Amino acid sequence: MSVTISHAEPSIAGVGDYIELMKPRVMSLVVFTALVGMLVAPGRLHPVIGFVALLCIAVGAGAAGALNMWYDADIDGRMARTAARPIPAGRIAPGEALAFGLTLAAFSVVLLGLIVNIVAAALLATTIAFYVLVYTMWLKRRTPQNIVIGGAAGALPPMIGWAAATGGISIEPVLLFLIIFFWTPPHFWALSLYRADDYARAGVPMLSVVAGPAATRLQILGYALILPPLGILPWLLGYTGAVYGAVAAAAGAAFLLLALRLHGEQRGFVASKQLFAFSILYLFLVFAALLADHMSSALFGHFAA
Amino acid sequence: MTVSTLMTEEKPDRGIKLTERQTRARRARSIAIAVALGVLVVLFYIVTLVKGPAVLVRPL
């Protein structure tokens, strides 16, 4: 029996490559929605503890991103959008990314549990596990409903923020969860419409690849009909003021309008690109309005007292 | 062969020679790890001050 010992080439990975492994753009959305969830929650959290909670949520999201890139390195290498990522480009070895992701995941969850509270830590662990095990490893390569179910992972951060502030969960963070959950499919399917070739080459069964553009547009419209009412639900249930309700209604109407335009688009990808870009703005607007509404009512309450 | 010859004889260097790029990347990674550890030390210190005796209370 012969034993071959191979020496890996010394790494050329820079700090930026490890940051890229953590998907900083996804992380920024996660941090923003978690921050809003934390700030609109009724509990009072010391700013330092709040900062630690956000740091843990950011690092946990980064860990999930790194583990996703580790597992998906093969399909990332076949897609133009992701071929330059650190692992398929050969700058970071898969084992290094795995170790990096696992270390960050364990560290962020344990730190959140020890410094903030156990409910928030359990939710963060669930988010990471759901994204990596359920979405990345199980659903992504098997079903066109991958991002529908996997979207739950991206919808959990406001609940983690809320749990960090209160130590529990109630109906308001569940509403925030539902908004992101129903926002995710039209957001990713709009992208998949003009990246269908990429997904087909990688063998990822996105809806646009499996069912075709017409069925995808129809399903996007279905979700675009559900999302605007969900967006204004926090106002209808009396959790927010009219400012939030107005912003959420206007943004929801614009979302529906773009989805209708996309449904009528026969060729080209102008409408799908517009909807994808606006979907990011929609989520930002809704959560920023929620935060502004909460801050303004807190400020008025302070002066009225 | 005398002892002095043995001591002065140079052995062929068969270790891994890092290129300029690899050295720079390793140095950058080392600095990043040092900064991260330093930040954590400061953070744990501040958290201990903020939580006070409650830092020993574990909800687990």
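Helix 2 (24-40) of chain A contributes eight residues to the lining of the largest pocket, the most of any element. The model is predicted, so local features require pLDDT of at least 70 and side-chain atom pairs pLDDT 80 or more, whereas totals for chains, interfaces and linings use all residues. Residues are numbered from 1 along each chain as its sequence is written, and chains are lettered from A in the order in which they are written.

**Largest pocket**
- The largest pocket has a volume of about 1300 Å³, taken as the space filled by probe spheres set on the grid points.
- A pocket is an open set of points on a 1 Å grid where a 1.4 Å probe fits, with protein on both sides within 12 Å along at least five of seven lines; lining residues have an atom within 4 Å of a point.
- Of its 48 lining residues, A:K23, A:R25, A:V26, A:Y131 and A:F188 are the closest to its centre.
- The lining comprises 29 nonpolar, 12 polar and seven charged residues.

**Second largest pocket**
- The second largest pocket has a volume of about 950 Å³.
- Among its 27 lining residues, the closest to the centre are A:M22, A:F100, A:L104, B:A32 and B:A36.
- Helix 2 (20-51) of chain B gives the most to this lining, with 10 residues.

**Interface of chains A and B**
- In contact (heavy atoms within 4.5 Å) are 19 residues of chain A and 18 residues of chain B.
- The two chains bury about 1700 Å² between them, 77% of it on carbon and sulfur atoms; this is the accessible area (1.4 Å probe) lost on being put together, summed over both.
- A:P10, A:I12 and A:L114 supply 28% of the area that chain A buries against chain B.

Methods: Side-chain values use heavy atoms; hydrogens and water are left out. Helices (H or I, at least four residues) and strands (E, at least two) are DSSP runs, numbered from the N terminus. Ala, Val, Leu, Ile, Met, Phe, Trp, Tyr, Cys and Pro count as nonpolar, Asp, Glu, Lys and Arg as charged, and the others, Gly among them, as polar.
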